[in-house]
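Here are my notes on the model you sent over. Have it open while you go through the points.

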Amino acid sequence: MPDKLSAPKGVPEYLPPESAAWQAVREALQRPATNAGYGYIELPIFEDTALYVRGVGESTDVVSKEMYTFADRGGRSLTLRPEGTAGVMRSVIEHGLDRGQLPVKLWYAGQFFRAERPQKGRYRQLQQFGIEAIGSDDPVLDAEVITIADDGYRSLGLTGFRTELTSLGCGECRPAYRERLTDFLTGLDLDEATRERARLNPLRVLDDKRPEVRDQLADAPLMVHHLCAECAEHYAAVKAALDANGTAYVENPWLVRGLDYYTRTTFEFVHDGLGAQSGMGGGGRYDGLMSELGGQELSGIGFGLGLDRTHLACQAEGLQVGPTRTLDVYVVPLGSAAPRAAALATELRRADLRTDLSYGGRGVKGAMKAADRSGAAYAVVLGERDLEAGVAQVKSLETGEQESVALDEVRAHLRSRLAAPPTATIEGNIT
Ligand code: HAM
């Protein structure tokens with residue numbers, strides 16, 4: 001026997017019935033974005049490697065250690081997308097979307113790839129829902145983006161998370177701050193690897209979780225205390241707009257993101273029920289990214305929400321997400337009535353009733369067991385004698401009640417019985 005194959009390490013799969021909850025998570029996060037005028041962009045799964053090196057930053061772990069890079073048959077270096085922002089910017093520039101009405105507001109969803117060490121909530125193929133708004137530095141837009149994520153999470157019923165917020169300054173104030181931080185770090189007792197990290201990007205040292213490093217960092221200078229007047233004003237206006245929206249946040253001046261393009265407003269959604277991988281989503285402004293990629297000097301802001309982790313967070317909070325039922329009707333064909341029963345199933349499906357049936361001439365006992373297991377609301381049994389009488393037996397699988405219904409009325413009968421929407425909206429399903 002040939003060896004069994006398995007999915008590559010670190011690649012999660014979502015199978016029925018759980019996959020329905022997973023899809024509902026994605027749809028719930030998407031709704032506030034489409035309600036705010038974001039249009040869908042379908043991005044390539046792989047891009048020129050140079051896009052990520054230039055866009056995300058060579059010194060980041062994502063680019064230096066985690067990319068899936070390969071040469072195609074023409075010898076070009078391509079990379080499976082590790083994130084979505086750089087690809088959106090490339091596409092906006094390439095197709096001139098930034099020449100029309102601004103801001104350009106887009107959303108995307110799908111798989112991203114990072115060669116990280118797999119553990120619960122940390123995968124090599126991860127899924128994100130993301131939005132990007134390009135071409136306006138209005139602080140109201142920053143608050144809009146954060147509020148969209150917050151509303152999406154809340155529509156799932158999530159409560160055990162917080163929105164951490166800070167400002168990372170701009171090209172005016174960050175270089176001076178960076179120097180100040182570098183001076184501070186030079187005076188500390190750090191190992192060689194940490195010193196090297198400080199040389200590449202001193203801000204990243206602030207993210208060190210080891211107690212011996214944390215203790216020394218207690219008095220480190222923080223960006224929010226060294227913002228230029230414009231950045232300080234922008235940050236204050238973002239907070240005021242969030243307050244006006246009623247969107248809760250906590251300021252975390254220690255917040256450091258793993259990608260290099262961030263400027264000014266930066267945020268992360270942290271869930272305490274997720275263990276070590278507590279970052280459920282994150283994002284911020286990236287005011288220099290577009291020009292870095294050869295486009296105009298336009299500012300932008302967006303987020304990426306981890307779908308895998310949001311799904312885990314819903315499980316951690318015990319939330320019932322998604323449809324409670326995925327099938328309405330189960331047809332049980334008996335004996336020579338089978339072809340007519342199969343045609344009836346087709347008729348019901350065309351009438352938008354979710355219908356499955358028993359195959360292979362199964363006996364009534366086995367087929368009724370399958371009907372019960374299917375999760376359908378009704379079974380429709382059609383045997384030879386029923387067919388002769390022009391009827392079918394319609395049985396409620398919830399109450400066990402059964403009635404004889406004329407064959408040409410089965411569809412209308414079931415539709416009226418199932419009139420209350422079989423799958424309530426996501427909000428309606430939250431318990
Ligand atoms: P990021 O923080 O690298 O940001 O990723 C966003 C989210 O994706 C994380 O908060 C996490 O939930 C999820 N995620 C990341 N890596 C993994 C992994 N290995 N396994 C499971 N989930 C993961 C970005 O990607 C930016 N492009 C977000 C953004 C958009 N910023 C501005 N616009």
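1. Start with Asp352, which counts as exposed because its relative accessible area is 69% (buried means under 20%, exposed over 50%, partly exposed in between, with a 1.4 Å probe and protein chains only). Asp352 sits in the loop between helix 13 (338-350) and strand 13 (355-357). Its phi is near 70°, a positive value in a residue other than glycine. Helices here are DSSP runs of H or I with at least four residues, strands are runs of E with at least two, and both are numbered from the N terminus.

2. A word on the source: this is a predicted model, where local features need pLDDT of at least 70, side-chain atom pairs count only at pLDDT 80 or more, and totals for chains, interfaces and linings use all residues. Residues are numbered from 1 along each chain as its sequence is written, and side-chain values use heavy atoms, with hydrogens and water left out.

3. Now go to Arg264, in strand 9 (residues 263-271). Here, too, phi is positive in a residue other than glycine, near 50°. Is Arg264 buried or exposed? Arg264 counts as buried, because its relative accessibility is 10%.

4. Two peptide bonds deserve a look. Pro16 and Pro17 are joined by a cis bond with omega of about 5°, and Pro17 belongs to the segment before helix 1 (18-35). The bond from Leu102 to Pro103 is also cis, with omega near 0°; Pro103 is in the loop between helix 4 (85-94) and strand 5 (104-113). As background, most residues other than glycine have a negative phi, and most peptide bonds are trans.

5. How many cavities of 30 Å³ or more does a search of the whole structure find? The search finds 2. On a 1 Å grid over the protein atoms alone, a cavity is a set of points where a 1.4 Å probe fits but cannot get out, while a pocket is an open set with protein on both sides within 12 Å along at least five of seven lines; lining residues have an atom within 4 Å of a point. Points are joined across faces, edges and corners, and a volume is the space filled by probe spheres set on them.

6. The largest cavity holds about 40 Å³. Its lining includes Leu168, Tyr177, Met223 and Pro253, and by class it has 8 nonpolar residues, no polar and no charged. (Ala, Val, Leu, Ile, Met, Phe, Trp, Tyr, Cys and Pro count as nonpolar, Asp, Glu, Lys and Arg as charged, and the others, Gly among them, as polar.)

7. The second largest cavity has a volume of about 30 Å³. Among the residues lining it are Glu47, Arg81, Glu83 and Phe112.

8. Finally, check the second largest pocket, at about 470 Å³. Of its 22 lining residues, Arg174, Arg178, Asp260, Tyr261 and Tyr262 lie nearest the centre. Helix 2 (49-55), helix 6 (174-186), helix 8 (202-205) and helix 11 (289-292) each supply at least two residues of the lining. Sorted by class, the lining has 9 nonpolar, 6 polar and 7 charged residues.
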